[in-house]
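Please look over the sequence and the structure shown below before reading on. The report that follows begins with a single contact and then widens to the whole chain.

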Amino acid sequence: MPKAVQEIYTQVISNLPPTERLQLATLILNGLVKQEATVIDDSDTWTEQDQLDLTAFSMQYAVTALIEDEEITE
């Protein structure tokens, strides 16, 4: 967290009563919602193809593990 932000919180916000801090948080969050979607970083989201690839890999791994387990117990 940048030092300036921490200082603002320590010197100003932490001294406010809880209701005023909630009002401030509401204002901040509402302001973020109104901004363009470009503010949100989608680089960490999973596409449908990512999910399909993970599912396919997981199923292949499970089959391989099951076959190896059966070979060990026989």
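## A contact in a predicted model

A polar atom in the side chain of T55 lies 2.9 Å from the backbone oxygen of Q51. This distance, like every other value in this report, comes from a predicted model and not from an experiment. T55 itself belongs to helix 3, which covers residues 48–73, and T55 counts as partly exposed because its relative accessibility is 45%, a value that falls between the limits of 20% and 50%.

L29 is classed as exposed because its relative accessible area of 52% is over the limit of 50%, whereas R21, with 30%, is partly exposed.

| Residue | Relative accessible area | Class |
|---|---|---|
| T55 | 45% | partly exposed |
| L29 | 52% | exposed |
| R21 | 30% | partly exposed |

Which residues does R21 touch, if those up to four places away in sequence are not counted? The contacts of R21 are then with Y9, I13, S14 and L16.

Of the 74 residues in the protein chain, 1% count as buried.

How confident is the predictor, and where is its confidence highest and lowest? For the protein chain the mean pLDDT is 84, with 81% of the residues reaching 70 or more. Among the helices, confidence is highest in helix 1 (residues 3–11), at 90, and lowest in helix 3, at a mean of 85; helix 3 is also the element that holds T55.

Key:
Residues are numbered from 1 along each chain as its sequence is written. This is a predicted model: local features need pLDDT of at least 70, side-chain atom pairs count only at pLDDT 80 or more; totals for chains, interfaces and linings use all residues. Side-chain values use heavy atoms; hydrogens and water are left out. Helices (H or I, at least four residues) and strands (E, at least two) are DSSP runs, numbered from the N terminus. Buried means under 20% relative accessible area, exposed over 50%, partly exposed in between (1.4 Å probe, protein chains only). A polar contact is a pair of N or O atoms within 3.5 Å; within protein, one must be able to donate a hydrogen and the other to accept it, and residues adjacent in sequence count only if both atoms are side-chain atoms. pLDDT is the predictor's confidence in each residue, from 0 to 100. Contact means heavy atoms within 4.5 Å.
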